[in-house]
Amino acid sequence: MTSLFKKTVTLLIVPLAIFSSHTAAQQVSFKSTIVDQADNSNIKDATISLRILPDTTVARRTLTDNSGSFSFSNLPAGKVEIEISHIGYKTKKTLIELNRDNQPTETIYLEKQDKTLETVTVVSIGPAVTQ
């Protein structure tokens, strides 16, 4: 009976261990820096949204640090889309192929978005000031 128990436990544990090591081996990391295209300055507090394709929902989100850097870890190998947005810059989407052998570290450049106000209206609320 103990021999049968040992065989059963072995048959259950060995495939689980193999599957676990295979799954852990497929986890990858990605890091990058977000930079202003015009003057090469780092952009802090940019919002980074990550989608694990083919799903289109946001899987993770983070902000860049003071040096414009961010990172994601424990990602599955495969294609991901990152979307970078920051006030005053055009939103940018980038597709990246992640695999264990090639963990990209790249600089991503954002282009400034020029916005001109057509009309400015100033409204005063309260009593008029008299002298």
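How many bridges join strand β5 to strand β6? Seven bridges join them, and the two strands run antiparallel. Strand β5 covers residues 78–85, and β6 covers residues 92–98. Two strands pair if DSSP finds at least two bridges between them.

This is a predicted model, in which local features need pLDDT of at least 70, side-chain atom pairs count only at pLDDT 80 or more, and totals for chains, interfaces and linings use all residues. Residues are numbered from 1 along each chain as its sequence is written, and side-chain values use heavy atoms, with hydrogens and water left out.

Start with the whole chain. The protein chain has one helix and seven strands. From the N terminus on, the order is α-β-β-β-β-β-β-β. Helices (H or I, at least four residues) and strands (E, at least two) are DSSP runs, numbered from the N terminus. Of the 131 residues, 23% are buried. Buried means under 20% relative accessible area, exposed means over 50%, and partly exposed lies in between (1.4 Å probe, protein chains only).

Now return to β5 and β6. They form a hairpin with six residues between them. G88 sits in the turn and has a positive phi of about 90°. Across the pair, V80 stands opposite I96 in β6. The bridge partner of I82 in β6 is T94.

Four strands form an open sheet in the order β3-β2-β5-β6, with antiparallel pairing. β3 (60–63) and β6 stand at the edges, each with a single partner strand, so one side of each is left without a neighbour in the sheet. The twist averages 25° from one strand to the next. Axes are lines fitted to C-alpha atoms, for helices over the stretch in contact, and angles run from 0 to 180 degrees between N-to-C directions.

Look next at single residues in β5. E81 lies in this strand. E81 counts as buried because its relative accessibility is 15%. Beyond residues up to four places away in sequence, E81 touches S49, L50, R51, L53, K93, T94 and L95. Contact means heavy atoms within 4.5 Å. S85 is also found in β5. At 24% relative accessibility, S85 counts as partly exposed. Its contacts, leaving aside neighbours within four places in sequence, are A46, T47 and T91.

Then come the charges. Side chains of opposite charge can pair when their charged atoms come close. The structure holds five salt bridges. A salt bridge is a side-chain nitrogen of Lys or Arg within 4 Å of a carboxyl oxygen of Asp or Glu. One of them joins K93 and E83 (3.7 Å, N to O). K93 is in β6 and E83 in β5, ten residues apart. K93 is exposed, at 53% relative accessible area, whereas E83 is buried, at 18%. R51, E81, E83 and K93 are linked in a network of salt bridges.

Which residue does D36 meet in a salt bridge? The side chain of D36 meets that of K112 (3.6 Å, N to O). D36 lies in strand β1 (residues 27–36) and K112 in the segment after β7, 76 residues apart. D36 is buried, with a relative accessible area of 1%. K112 is partly exposed, at 43%.

Finish in the segment after β7 (105–110), where L117 has its place. L117 is exposed, with a relative accessible area of 70%.
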